[in-house]
Amino acid sequence: MINPSKIVEGGVEFSIGKFDGKNVIYDFPKILVYLDAKGKLLFGKHFKIYEEDHPIILKLCNYFIKDQKNCDLNGIDPNKGLLLSGPVGCGKTSLMKLLKFLVPLQRPYMVFPTRNIVFAFNHLGYKIIEEYGNSQFFCFDDLGVEPIGRHYGKDCNVMGEILLSRHELFIKHHIKTHATTNLNAQELEDLYGNRVRSRMRQLFNLIAFDKNANDKRI
């Protein structure tokens, strides 16, 4: 029997809780040890889990392990995607790349920078919007910093169109979408319009770093 409370990384077995045969009783301090070790494997020895980020990491962990009680306490719906917001360099992208490894039996998502998606649109056109409107799970990184797309002289708000497609997938087929952003709600509405913004409320749980969170890249 697979024990989902044990994860092996680099030949080392990490325990993230106890498995009773049906459910995992997760242990947050043990999860932090695992995330720190996995982060170093993914991003290099400089990676560390900062104590100041523990509260937001706990919320994210509750979401990924689908701890309904704690999700309810924090106003998080595990059936929706995540919109992780915060200032530049606070660690949003690293956490979204890292936390999916906490639940290896769940369907994984791929992380794509929005700028790269728009550059692909400029080169290949509208089939890019169709590709990201499919049934795969995605995390759109740095939502809102991408330029307006242009293909054969026609401008297109590429990510706005993709978000509309992702909303339709979510409503019809419960396909999740995640994203990270440096922007606040008003800035997102200014960029994508009220129609997309209202659908983003249905698509995403908003989890936000403090606006004064430190830049870990410095």
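This is a predicted model: local features need pLDDT of at least 70, side-chain atom pairs count only at pLDDT 80 or more; totals for chains, interfaces and linings use all residues.
1. Helices H2 and H4. Helix H2 covers residues 54-64 and helix H4 covers residues 92-99; the two pack at an angle of about 30°, and their axes lie 11 Å apart. Angles under 35 degrees count as roughly parallel, and H2 and H4 are therefore roughly parallel to each other. Their crossing is right-handed.

2. Residues between H2 and H4. On the H2 side the contact is formed by Ile 57, Leu 60, Cys 61 and Phe 64, and on the H4 side by Leu 95, Met 96 and Leu 99. By class, the residues of this contact are seven nonpolar, no polar and no charged.

3. Burial of H2. Seen along the helix, the buried residues of H2 are Ile 56, Ile 57, Leu 60, Cys 61, Asn 62, Tyr 63 and Phe 64. These buried residues pack against several elements: H1, H3, E5, H4, E10 and strand E11, which spans 204-208. Just after H2 there is a backbone detail to check in the viewer: Lys 66 takes a positive phi of about 55°.

4. Burial of H4. H4 is mostly covered, with six of its eight residues buried. The buried residues are Lys 92, Thr 93, Leu 95, Met 96, Leu 98 and Leu 99. A lysine is thus on the list, since Lys 92 is one of the residues of H4 that fall in the buried class, for which the relative accessible area is under 20%. The partners of the buried residues of H4 are the helices H1 and H2 together with strand E5 (81-85), strand E7 (138-143) and strand E10 (177-181).

5. Helices H5 and H7. Helix H5, residues 114-124, packs with H7 at an angle of about 100°, and the axes are 10 Å apart. Angles of 65 to 115 degrees count as roughly perpendicular, and H5 and H7 are therefore roughly perpendicular to each other. The residues of the contact of H5 with H7 sort into six nonpolar, one polar and no charged.

6. His 167. This histidine sits in helix H7. With a relative accessible area of 10%, His 167 is buried, because the buried class takes in values under 20%. Apart from its neighbours within four places in sequence, His 167 is in contact with Arg 199, Gln 202 and Leu 203.

7. Salt bridge in H1. The model has four salt bridges by the rule applied. One of the pairs is Lys 40 with Asp 36, where the closest N and O atoms are 3.0 Å apart. Both residues lie in helix H1 (residues 28-43), four residues apart, which is about one turn of the helix. Lys 40 counts as partly exposed at 32% relative accessibility, and Asp 36 also counts as partly exposed, at 23%.

8. The side chains of Glu 168 and Lys 172 form a salt bridge with an N to O distance of 3.2 Å. Glu 168 and Lys 172 are four residues apart in helix H7 (residues 158-173), so about one helical turn separates them. Glu 168 is partly exposed, with a relative accessible area of 46%. Lys 172, at 56% relative accessibility, counts as exposed, because the exposed class takes in values over 50%.

9. Arg 150 and Asp 155. A further salt bridge joins the side chains of Arg 150 and Asp 155, at 2.7 Å from N to O. Arg 150 has a relative accessible area of 48% and is partly exposed.

10. Leu 73. Which helix holds Leu 73? Leu 73 lies in helix H3, which runs over residues 68-73. For this leucine the relative accessible area is 64%, and Leu 73 is therefore exposed. Leu 73 and Lys 59 are 14 residues apart in sequence, and their C-alpha atoms are 9.9 Å apart in space.

Conventions. Residues are numbered from 1 along each chain as its sequence is written. Side-chain values use heavy atoms; hydrogens and water are left out. Axes are lines fitted to C-alpha atoms, for helices over the stretch in contact, and angles run from 0 to 180 degrees between N-to-C directions. Angles under 35 degrees count as roughly parallel, over 145 as roughly antiparallel, 65 to 115 as roughly perpendicular and the rest as oblique. A crossing is left-handed if the near helix is turned anticlockwise from the far one by less than a right angle, and right-handed if clockwise. Contact means heavy atoms within 4.5 Å. Ala, Val, Leu, Ile, Met, Phe, Trp, Tyr, Cys and Pro count as nonpolar, Asp, Glu, Lys and Arg as charged, and the others, Gly among them, as polar. Buried means under 20% relative accessible area, exposed over 50%, partly exposed in between (1.4 Å probe, protein chains only).
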